[in-house]
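Here is a brisk report on one protein model and its ligands. Please look over the sequence and the structure first.

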Amino acid sequence: MIKYIVALIVIPIFSVHAREEFAITPISYPDISKKIDQVMLGKSLFNDPILFDNGKSCAGCHLFSYGGAFPSALGAPEQARKINVPTVFNTSLNFRWHWDGEYKSLEEHVDNTIKIESSSYDTAWELLLQRLEDNVNYKKRFKQTYGEISKKHVLNSIVEYEKALIAPSLFDDHLKGSRKLSADALRGFHKFQRYGCISCHQGKNIGGNIIVPIGVINNFFATKKPLTQIDYGHYNVTGKERHKFYFKVPSLRNVARTAPYFHDGSAESLEKAVTMMAFYQLGLALDTKDVADIVSFLESLSGDPLTELME
Ligand code: HEC
Ligand code: HEC
């Protein structure tokens, strides 16, 4: 119990760059009618290997059938950095992007992803813009939507699509009062709050608004040797010793569909991820009933974006 209280005091002190909003608030489907051309153009680009010159596509790594993530510990084959793929659903609700919190805007993130995942970093954009100019269909759609093809417009359409990928769940309906959680899920939500998960996984995205250490109470990497660069987290962004092993708290929305878990995919099931979190972050040994209840709650966070935005 003492360890648990220590964690609750320590977490707010240690978190960096917080955009804290403690309460979990419900989300709703966005109104995309005013930006429908931009969003649908972004959808086409997201699914089209034309964005890269090597057969990759955004959708090839962010699989909608797996909650917008990729079901493999260190990501998709031929991915630039060997790290677990996070979901693109609800991503616009985060305050930073990537596990280590590297990116501060979605535009900056898409710009760099196109460069990093293409064959050549320096010429990626020049070649992409040429491919789009040479494509009769895209040329027409960009002209109608933006007047012309440019880097700015490509980024805008993809980001508008990302912003549209909001996926409300049963839990949101529960908060709004229109549907009820099962008794198990409700108990799980109470435990999630009482045990202190909510001190990190908070706000409308149930995460995604603070960067904190992993292993607050027990060493997360005790049995992992050797560590690799991805394990250093926010240190890779700032170079500051005190940011070693700091990570953006991920959103738990859709988490039941995005196994495996953590930046290194080290938990293959949600039960294991919950058990590990309780032990490493809060110093708690949960019993199977606690874990099952919390998993039920997490399952109530699954939802899909608007059907016209799906593949
Ligand atoms: C080759 C696989 C691959 C491709 C292609 C790819 N991604 Fe990703 N994506 C990843 C990985 C891996 C990460 C996590 C990287 C990290 O945290 O270091 C990621 C992270 C993200 C994130 C951050 C999520 C968050 O909440 O932190 C978003 C958003 C995203 N990708 C969108 C896109 C879009 C849009 C495209 C196409 C322009 C794209 N991705 C192409 C593998 C890929
Ligand atoms: C001190 C802050 C903190 C606390 C407390 C905390 N978490 Fe986490 N949680 C994190 C961070 C940071 C990560 C990402 C770890 C990584 O990158 O490997 C994470 C990851 C997760 C994941 C995996 C998400 C994914 O997409 O891979 C789950 C599930 C999870 N937490 C559930 C919980 C539960 C349940 C509790 C309470 C028992 C809890 N967390 C308590 C900070 C916290």
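The charged end of R194 sits 5.7 Å from the centre of the Y195 ring, over the ring itself. R96 likewise lies over the face of F95, with 5.1 Å to the ring centre. A charge sits over a ring if NZ of Lys or CZ of Arg is within 6 Å of the ring centre and within 35 degrees of the ring normal.

## Basis of the model

This is a predicted model, in which local features need pLDDT of at least 70, side-chain atom pairs count only at pLDDT 80 or more, and totals for chains, interfaces and linings use all residues. Residues are numbered from 1 along each chain as its sequence is written, chains are lettered from A and ligands numbered from 1 in the order in which they are written, and side-chain values use heavy atoms, with hydrogens and water left out.

H62 belongs to the loop between α3 (58–61) and α4 (106–117). Helices (H or I, at least four residues) and strands (E, at least two) are DSSP runs, numbered from the N terminus.

Around ligand 1 there are 24 residues, and C58, C61, H62, H98 and K248 are the closest. A residue counts as near if one of its heavy atoms lies within 4 Å of the molecule or strand. By class, this shell holds eleven nonpolar, nine polar and four charged residues. Ala, Val, Leu, Ile, Met, Phe, Trp, Tyr, Cys and Pro count as nonpolar, Asp, Glu, Lys and Arg as charged, and the others, Gly among them, as polar.

A polar side-chain atom of H62 is 2.9 Å from a nitrogen atom of ligand 1. The side chain of N94 places an N or O atom 2.9 Å from an oxygen atom of the ligand. For W99, a polar backbone atom is 2.9 Å from an oxygen atom of ligand 1. The elements giving two or more residues to the shell are α3, α4 and α7 (151–164). The largest share, three residues, comes from α4.

## Ligand 2

Ligand 2 has 25 residues around it, of which C197, C200, H201, H263 and M277 come nearest. Its shell has 19 nonpolar, five polar and one charged residues. α11 (270–282) and β2 (246–248) each supply at least two residues. The largest share, six residues, comes from α11.

A polar side-chain atom of H201 lies 2.9 Å from a nitrogen atom of ligand 2. For H263, a polar side-chain atom is 2.6 Å from an oxygen atom of the ligand. A backbone N or O atom of F262 is 2.8 Å from an oxygen atom of ligand 2.

## Aromatic pairs

The whole structure holds 15 aromatic pairs. Rings of Phe, Tyr and Trp (its six-membered ring) pair if their centres lie within 6.5 Å; planes under 30 degrees apart count as stacked, over 60 as edge-to-face and the rest as tilted. F171 and F189 pair edge-to-face, at 4.9 Å centre to centre and 70° between the planes. This pair links helix α8 (residues 170–176) to helix α9 (residues 183–194), with F171 and F189 18 residues apart. Both F171 and F189 are buried (under 20% relative accessible area, with exposed over 50% and partly exposed in between; 1.4 Å probe, protein chains only).

One aromatic cluster is formed by F220, F221, Y232, Y235, F245, F262, F279 and Y280.

D290 lies in helix α12 (residues 288–299). D290 counts as buried because its relative accessibility is 9%. A polar contact of 2.8 Å joins its side chain to that of K191. Such a contact is a pair of N or O atoms within 3.5 Å; within protein, one must be able to donate a hydrogen and the other to accept it, and residues adjacent in sequence count only if both atoms are side-chain atoms.
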